[in-house]
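Visitor: Hi! Could you walk me through this one? I'm new to it.
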Amino acid sequence: MNDKQLSVMHTGKGFIAALDQSGGSTPKALAAYGIESNAYSSEEEMFSLVHEMRTRMIKNSAFTSEHILGAILFERTMDSKIDGKYTADFLWENKGIVPFLKIDKGLAEEKNGVQLMKEMPELDELLSRAVKRNIFGTKMRSVIKEADAHGIHSVIDQQFEYAVKIAGYGLVPIIEPEVDINCREKAQAEKLMLAEIDSHMQRLDKNIKVIFKVTIPDTADFYAPLMTDPRVVRVVALSGGYPQDEADEKLALNHGLIASFSRALSEGLSVHQSEKEFTETLMQTVGAVYAASIT
């Protein structure tokens with residue numbers, strides 16, 4: 001674990017940029033950027049185009065450590081290069097931004113009101129490669145759709161099981177049990193989830209560091225107690241499908257909770273924009289997300 005990067009993530013002012021769209025979400029991300037599916041004829045071309053999009057964002061003058069603490073990468077982005085450097089090295093050495101890696105392989109079918117992560121049989125190989133690529137931490141996502149106690153227990157149990165394995169490689173896991181913003185009993189689901197997290201934290205080794213990535217809660221400062229645990233590096237929030245303005249507004253009500261936005265961060269960016277237009281749009285978005293993250 002890089003102690004300087006740990007300090008940045010624990011005490012720095014800013015947010016985490018989520019640049020981790022994978023195979024299933026990449027076509028949507030490209031379409032939102034102005035590149036339709038008829039512009040590429042293979043998966044390789046698709047991933048090449050999305051790497052160009054991410055590279056454009058990362059190299060832009062608006063994408064700096066003044067506002068952005070970390071960036072979450074997709075596996076192919078980790079293995080790709082920017083100006084001759086692997087992406088994680090470029091982020092840290094050129095930008096001072098801490099690199100993370102998305103490790104999950106998507107969601108299983110819904111059961112008991114939740115979607116667990118699919119099995120990850122090649123996780124050890126991926127974590128070993130992440131260490132070689134100078135990745136600081138990882139991110140893995142589950143989804144809670146109903147306030148079902150059994151289902152929520154299974155989500156948190158799986159997340160912590162993987163978190164312990166990840167920590168064994170010297171990486172800091174981002175535990176992401178997303179509560180769907182359309183959940184009929186969202187506040188109750190959040191209460192059940194926090195109780196499960198508290199129970200698992202009581203059994204977690206005192207030397208393991210974790211980050212939590214959560215849906216912006218219905219009750220302001222709901223996750224404040226988590227932030228006082230010395231093993232919790234940070235608690236961050238996903239945009240969850242809220243439009244950027246609404247996500248920023250909700251986030252600002254939660255003191256100490258910082259953003260880790262994906263769709264909201266890239267909102268308004270287009271392949272057809274000039275560099276000036278692209279920079280102005282990204283700068284406006286970064287500034288708004290940053291302002292909401294430092295309350």
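Guide: With 295 residues, a compact globule would have a radius of gyration near 19 Å, and the protein has 18 Å, which agrees. That radius is taken over C-alpha atoms, and the globule rule is 2.2 Å times the number of residues to the power 0.38. This is a predicted model, where local features need pLDDT of at least 70, side-chain atom pairs count only at pLDDT 80 or more, and totals for chains, interfaces and linings use all residues. Residues are numbered from 1 along each chain as its sequence is written, and side-chain values use heavy atoms, with hydrogens and water left out.

Visitor: What does the C-alpha trace span along its principal axes?
Guide: About 50 × 40 × 40 Å.

Visitor: And how many helices and strands are there?
Guide: Eleven helices and eleven strands. These are DSSP runs numbered from the N terminus: helices are H or I with at least four residues, strands E with at least two.

Visitor: How much of the protein counts as buried?
Guide: 54% of its 295 residues. Buried means under 20% relative accessible area, with a 1.4 Å probe and protein chains only.

Visitor: Let's pick a helix. Which residues of α7 are buried?
Guide: Among them are Gly151, Ile152, Val155, Ile156, Phe160 and Ile166.

Visitor: What covers them?
Guide: The cover of α7's buried residues includes β7 (137–144), β8 (172–179) and α8 (186–203); contact means heavy atoms within 4.5 Å.

Visitor: Changing topic, how many charged side chains, positive and negative?
Guide: There are 33 positive and 43 negative ones. Lys and Arg count as positive, Asp and Glu as negative, while His and the chain ends are not counted.

Key
Buried < 20%, exposed > 50% of the residue type's maximum accessible area, 1.4 Å probe, protein only. Charge placed at Lys NZ, Arg CZ, Asp CG, Glu CD.
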